[in-house]
Amino acid sequence: EVSITKFPADERKIIAKAHDKYKKARAGIINTRHGQIHTPAFMPVGTKGTVKAMLPESVQTTGADIILGNTYHLMLQPGAKRVFKLGGLHKFMNWSKPLLTDSGGFQVMSLSKLRKITEEGVIFNSHIDGSKFMLSPESSTEIQYLLGSTITMAFDECTPYPSTYEQAKSSMELTSRWAKRSRKAFYSRDGYGQFGIIQGSIYNDLRLKSALDLIELDFEGYAIGGLAVGEGQELMFKVLDYAPDLLPINKPRYLMGVGKPADIIGAVQRGIDMFDCVIPTRSGRNGQAFTKYGVVNIRNSKYKEDNTPLEEDCLCPACKNYTKAYLHYLVKVKEILGAMLMTWHNLMYFQKLMLRIREYIAQGKDFDFIS
Ligand SMILES: CNc1nc2cc3c(=O)[nH]c(N)nc3c(CCN)c2[nH]1
Ligand SMILES: [Zn+2]
């Protein structure tokens, strides 16, 4: 059985660093049915079957190996069965590389007004037209199969922050029961995989129990959920100081919903391999550009006659062909091209950051650079 993950010894470079801050960082390759994923990897978010304001071929030129889709949105519109009938999400959105789909629980809790959590699953009213739906470990797993996801996420409950120990315990136990049902419902095929998601909030014994429950189910990879939910970087890193080590060392570790460049660097140093975050795309559309000089708020009037690019050595279209003055103008007048160029630059910036991190790890160099 060719598992989704092959961290071949020679390609996997774990380099014990002089000081222990870096010894957990690792660079590797995940081999899937839709191509390789070079880790540490950043996954642009393509919630509704598109990375907003980007053509898929443009996303590819930024260096992204894999993008993220969302079960919740796609099941409501256009519907998983319809996407399946039309040839699956890869064909539908013209993206032939790996696709990871989140399982929907997190999006239900953050988007739908009316919802009810039961042992069976989550019953909710669509935030679009109020119609009633149910998401369960079985239906979420089937929807992700219909979409044709390369990496399917187990159906979990993202424990809110803050939560008492008791609340976090019962939430984590529900996630463990749902993980078992998700794993049973998964149709395993070569080159495809399913990731379990551990919960347990900020309580290390709950995180351990969650990991043990999920390791028993032998997933192809593991995600750390329940973070980047308002706990702040310090508390997140405190959990990441031990949680990745609870997971199998030879399988991918995915930190959900993270994050800013400094969060990514800190998490890679603690053993995380995969990330997803709306920051580069959403903040790009809102006029924020990530640069080596820091974040540029392009709407600031100081850029209205700035005839220089965001970054002189960046190869993205925004930097190659345009100036900050033009981007300032486009964003101010809400021209669609503004969203496109800002998004393109930010995605390129995040992929360059990941490339530099992978190179530094491979060369055994410290990568404490804060971008
Ligand atoms: C932005 N912060 C954030 N935290 C998350 C936790 C979970 C989480 O605990 N579970 C799931 N299934 N998704 C999460 C997501 C969505 C990832 N695209 C999160 N996003
Ligand atoms: Zn650029």
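**Metal site**

I started at the zinc ion (ligand 2), which is coordinated by C314 (SG), C316 (SG), C319 (SG) and H345 (ND1), at 2.1 to 2.3 Å. Donors here are N, O and S atoms within 2.8 Å of the metal (3.2 Å for Na, K and Ca), and water is not among the atoms, so sites may look incomplete. This is a predicted model, where local features need pLDDT of at least 70, side-chain atom pairs count only at pLDDT 80 or more, and totals for chains, interfaces and linings use all residues. For my own bookkeeping: residues are numbered from 1 along each chain as its sequence is written, chains are lettered from A and ligands numbered from 1 in the order in which they are written, and side-chain values use heavy atoms, with hydrogens and water left out.

What arrangement do the 4 donor atoms around the zinc ion (ligand 2) make? They subtend angles of 101 to 114°, so the arrangement is tetrahedral; four donors count as that if all angles lie between 85 and 135 degrees. For reference, the ideal angle for four tetrahedral donors is 109.5 degrees. Along the chain, the donors of the zinc ion (ligand 2) are spaced C-x1-C-x2-C-x25-H.

**Helix pairs**

Next I looked up helix packing. Helices are DSSP runs (H or I, at least four residues), strands are E runs of at least two, and both are numbered from the N terminus. Axes are lines fitted to C-alpha atoms, for helices over the stretch in contact, and angles run from 0 to 180 degrees between N-to-C directions.

I took helix α6 (residues 137-147) and helix α7 (residues 165-185) to begin with: they pack at about 40°, axes 8 Å apart. That makes α6 and α7 oblique to each other; under 35 degrees counts as roughly parallel, over 145 as roughly antiparallel, 65 to 115 as roughly perpendicular and the rest as oblique. The α6/α7 crossing is right-handed, meaning that the near helix is turned clockwise from the far one by less than a right angle. P137, E138 and T141 of α6 meet W178, R181, S182 and A185 of α7, with contact meaning heavy atoms within 4.5 Å.

α7 also packs with helix α8 (residues 204-215), at about 5° with axes 10 Å apart, so I noted α7 and α8 as roughly parallel. The α7 side of this contact is Y165, A168, K169, M172, S176 and A179, and the α8 side is D205, L206, K209, S210, D213 and L214.

Helix α9 (residues 233-240) and α10 pack at about 20°, axes 10 Å apart, and are therefore roughly parallel. Their crossing is right-handed. I listed Q233, M236, F237 and L240 from α9 against A262, D263, G266 and A267 from α10.

Which peptide bonds are cis? I logged Y161 to P162, with omega near 0°, and P162 is in the loop between β10 (151-153) and α7. I also logged V258 to G259, with omega near 5°; G259 lies in the loop between β13 (253-255) and α10 (261-269).

My last stop was N94, a residue other than glycine with a positive phi, near 60°. I found N94 in the loop between α4 (89-93) and β6 (99-102).

Note on methods
Tetrahedral: all angles 85-135°; square planar, octahedral: opposite > 155°, others 65-115°.
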